[in-house]
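Biologist: Hi! I'm new to this one, could you show it to me and walk me through it?

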Amino acid sequence: MSRDGIVPADLRRVGREQLQPYDSVVFRFGEAVDAQQTERGFAVVLDDGTMVHTRRLLLATGVRDELPAIEGFAECWGKTVLHCPYCHGWEVRDQPLTLYGNAAIGMELAQLLRGWSRDLVLCTDGAVELTVDEQQQLIRHDIGIREEKIVRLECTNGVLHRIIFATGEPLPRHALFLRPVQRQRSTLPAQLGCAFVGQGPLPDLVKVDPLGETSVPGLYVAGDAMTAMQQAIVAAASGVVAAGAINRALLQEEFN
C-alpha cells in the first residue's frame, strides 16, 4: 500500500510538502465548526470565526471508534487491541489471539483470523449469542469460547499479556481483535442533511453515489466517513474520485 509503518503525522507532513509547489492550494489550520448550504454553494465557519464560501464542498472528516469501557482496551488500542485482520493480521500471525465479539461479529472474526493463527479464543464478554451450529463450527476449528465477563486487559506499554475475567482463569494472549462501534467524527454531515446508511458497528456511514456525492447536491464525502473499507489507500482513492467529479462539475457549470 506504500509507506508501510510510517507515522501518520509524517504521512501528513509529506503530503503537505508535496502540495507546496501548487499555488492554487491554500492550507487553513482550524476546525470547521459549522456549515450551511447557500444559493451559490456552501458557507463553512471555522473555529476562529472565519467564514469560507465555496461552490462545492468535500468532507473527509472520518469516524471515531467507541471502545468497550473496560480497563486496558484504550491503553492497548492500535498496538495489540486491533480492529482489522487485513491491516494487522501479518504482524500477529501464529500468535495466541482473542476475538472479542458475539453473534455474527464473533463468527466473522473467527473466520477471518483463522487465516493468521490457529490459536484463537472467542471472548463474548457475556452470555453466548451463537446458534448451536455456530458453536459446533467453532469447536470443529479448535476455536475456544470464553463467555465470562471481562474485568480488564493486563498490558505493558500497549502490549497485551493476559485477559482477566470476573470468574475463571486468566487467558494469556498476544493480541485482541474487535469491531468497535463507529460514529461520525464530525457533526457537519448531519447538519447539512446528508442521508446515512449502515448497520451493526457501522450505523451511520454517509450515503454517497459512485463519485462520492451525497444526497445533498454539491456536497461530497471521501474516506472513512463513507465506507467500511477503512485503509489510507482507499481513503486517498475516494478523495481522487470525488475531486475529479467536483472539477468536472465546476467546469461544466462554467461552460454553461
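**Salt bridges and a surface patch**

Modeller: Happy to! Let's start with Glu-154, which counts as partly exposed at 23% relative accessibility. Please keep in mind that this is a predicted model.

Biologist: Which residue does the side chain of Glu-154 meet in a salt bridge?

Modeller: That is Arg-162, with 3.0 Å from N to O. Arg-162 is partly exposed, and its relative accessible area is 33%.

Biologist: How many salt bridges does the structure hold?

Modeller: There are 13 salt bridges in the structure. Another one joins the side chains of Arg-55 and Glu-253, at 2.8 Å from N to O. That pair links distant parts of the chain, 198 residues apart. Arg-55 sits in the loop between β3 (51-54) and β4 (57-59), while Glu-253 belongs to helix α7 (residues 232-255).

Biologist: Is Glu-254 buried or exposed?

Modeller: Glu-254 is exposed, because its relative accessible area is 54% and the cut-off for exposed is over 50%.

Biologist: Which residues are linked in that network of salt bridges?

Modeller: The network links Arg-55, Arg-56, Glu-253 and Glu-254.

Biologist: Okay, new topic. Which residues form a nonpolar patch on the surface?

Modeller: Leu-19, Tyr-22, Val-25, Phe-27 and Phe-29 form one. Together these residues have about 510 Å² of accessible area.

Biologist: Where does Leu-19 lie?

Modeller: Leu-19 lies in helix α1, which covers residues 8-19.

Biologist: And why does Leu-19 count as partly exposed?

Modeller: Because its relative accessible area is 34%, and partly exposed falls between the cut-offs of under 20% for buried and over 50% for exposed.

Biologist: Great, that helps. Thanks!

Terms used
Residues are numbered from 1 along each chain as its sequence is written. This is a predicted model: local features need pLDDT of at least 70, side-chain atom pairs count only at pLDDT 80 or more; totals for chains, interfaces and linings use all residues. Side-chain values use heavy atoms; hydrogens and water are left out. Patches are made of residues with over 30% relative accessible area and no salt bridge: like charges are joined within 9 Å, nonpolar side chains (Val, Leu, Ile, Met, Phe, Trp, Tyr) within 5 Å. Accessible areas come from the Shrake-Rupley method with a 1.4 Å probe; for residues, only the protein chains shown count as cover. A salt bridge is a side-chain nitrogen of Lys or Arg within 4 Å of a carboxyl oxygen of Asp or Glu. Helices (H or I, at least four residues) and strands (E, at least two) are DSSP runs, numbered from the N terminus. Buried means under 20% relative accessible area, exposed over 50%, partly exposed in between (1.4 Å probe, protein chains only).
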